[in-house]
Amino acid sequence: MSIANDTPAASKVRLGGLLGEALDANARGRLSHFIVDEHSPAIVIFGPEQRATNAEGDWYGEHAGKWLYAAAKAAARTADADLLARLRRVADFLVSVQEADGYLGTYAPERRFMRRQRPKPVSWNGEPSVRTWDIWNHAYLVLGLLEVHRHFPEPRYLDAARRIGDLCWHTLIDEGIDITELGNHHGMSATVLMDPMAELHLATGEQRYLDLALHVLGQADRNPALALLQRVEAGADASEIATGKAYQLAWNLVGLAKLYRITGDATYRRVLDRMWHSIRDHHLTLGGGPWGGVAHRSREVFNPAGVFSPYGYVETCSSLAWIQLNRELLAISGEAKYAEEIERTAYNDLLGAQAPNGEDWCYYVFPNGRRVHTTYWRCCKSSGAMALEELPGVAYARTEDGIAVHLYGAGAAELVLPVAGKVVVEQRTAYPFEGEVRLKLAVEHEARFAVRLRVPSWAAGAVIEVDGDVVEAAPGAYAVIERAWRDGDEVVLRLPMAIRTHRAMNRNVQESRAPDGEAVRQQVLRFDYLAVTRGPLVYATGLIDGFKVEETVRVPDGPESEWLESVSGDVPRVVLRLGYREPLVFEPYFCAGGRVDGVWRLTWMSLAPDDASAPF
């Protein structure tokens, strides 16, 4: 089932419930306050006077493109006239300060990406000889300008994006500068240019932008320290690609997915599938965020496969890129697993990073750790705002034979089908807290088409009812209901919201060989952990007994149903009854501790040593 990326217009989707609250806060908070006009600090840095003297090498210019991208989606979705006016004012200012050659960055001339770099020194994070995020910032500016043009078409916005593309062509093709010399992580923070150049090709139909994206991919593959395609084809884990930087690698994969959609190259699809499985199987928290930071000087680099620690870091920027990668793969394949990953990340690690005011965000979230709202300029505040604005666009889609519902939560969408005319799908539900989802259809003309409902992999025993008939609901796939639909028809999806336990292990086994060649393996470290989920939500507790940042538990011998209990309420809680101490009460991870700066969230409980476990 292909959805061909055929999603409703932003103005035709309304998300309610938790996601709707987060989107409303985003519009009131980050998108309304961080950038207001050309005098906002994140835009002032593009002014000619400031640009001419900026010799710093950081990423602050990225905020403009990120804000344009998210604010354009929000303005189209909400029809907010004030936000649209601010959006146009900022976009027009940026266009006005674009230089004659197309440059629209924040750097002084001697620090720009058009200058050939000295030979790259050996460094732990693959930095170029002159630290620069210039290509990175321009990549976000192209995406932002194209998004403004997509929703509010004006030739000047498309022309500004095209001029950046032309400058990149001149620099990388005509001048022959290798893009992997222009970014950190052995070039990965520059090779992200694949994504905006693919988008520029789609927006203009011009072959040269596709050729430029393919040229960038070729250089990424030929660089021995990166070797993006070759290394994946050889079986490398995500942590072994360049430095294993989660955010940059995932964004490169987003660009690769767009190139696959355009070209159909089977190699790209194999690489995407292998990397997706590597990340999903080995490098996600229980809450769906890409994580790392254990025993590595970078907190944002994937750990080797199999390494677990409840104190690992999830950079909110990485959650954005992971959601976008799954968005692309969902559009390519229509497979339920990609929508499920978007939902898991959104309801847990993404909402867990946003404060209720919509302005404050966490740079990092941790399964076990303290919530810290980050400072003004941090990248993750803009990435979180972008990630939220991706969700309405993936919630529903028109398929070849009807409609697909990818994300659950109160709200509605309007789609147009050739056979039925306007179709409105309304969800009435308390999901993700409760498992009953009622979908009511309003159709312009009675017609036969398919409605596809995603059944999560955790929802064994799910039931779908239509007019008293029960439809098969296999977990991890779409249930397809094909029938003649009439105005007012209703489908009821019932998802069991059972509490599930999860086990993880922090383990170290030393391996060597004896003098006679015999293999020697010795376990020298082992800690076991327990966590709980209910439906799509990960659960966590605050400080144990008001002061402990860890707790070792000995779980009872009986069935889990005897010592784990769901307690209903506006926000259902989970109670762990151990018998030998006061019960531990868990809340959904995203709101544990009240979503205020400084609170602790503990997802994984250390398990008491078990005499029956494998030898130490």
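**Figure 1. Left-handed crossing of helices H1 and H17 in the predicted model.** A crossing counts as left-handed if the near helix is turned anticlockwise from the far one by less than a right angle, and right-handed if clockwise. The axes of H1 (residues 17–28) and H17 (residues 379–390) come within 10 Å and cross at roughly 135°, which makes H1 oblique to H17 (under 35 degrees is roughly parallel, over 145 roughly antiparallel, 65 to 115 roughly perpendicular, and the rest oblique). Ala-22, Leu-23 and Asn-26 of H1 meet Ala-385, Leu-388 and Glu-389 of H17, contact meaning heavy atoms within 4.5 Å.

**Figure 2. Left-handed crossing of helices H14 and H15.** Here the axes of H14 (residues 266–282) and H15 (residues 316–333) come within 12 Å, crossing at roughly 135°. H14 is therefore oblique to H15. Among the residues making the contact are Trp-276 and Arg-280 of H14 and Trp-322 and Leu-329 of H15.

**Figure 3. The largest nonpolar core, with 202 residues.** Such a core is a set of buried (under 20% relative accessible area, 1.4 Å probe, protein chains only) Ala, Val, Leu, Ile, Met, Phe, Trp, Tyr and Cys residues joined through side-chain atoms within 4.5 Å. Residues with the most contacts inside this core include Trp-67, Phe-449 and Leu-453. Helix H13 (residues 246–263) gives the most to the core, with 11 residues. Beyond its neighbours within four places in sequence, Leu-453 is in contact with residues including Val-405, Tyr-408, Ile-464 and Val-491.

**Notes.** Residues are numbered from 1 along each chain as its sequence is written, and side-chain values use heavy atoms, leaving out hydrogens and water. In this predicted model, local features need pLDDT of at least 70 and side-chain atom pairs count only at pLDDT 80 or more, whereas totals for chains, interfaces and linings use all residues.

Notes: Axes are lines fitted to C-alpha atoms, for helices over the stretch in contact, and angles run from 0 to 180 degrees between N-to-C directions. Helices (H or I, at least four residues) and strands (E, at least two) are DSSP runs, numbered from the N terminus. Buried means under 20% relative accessible area, exposed over 50%, partly exposed in between (1.4 Å probe, protein chains only).
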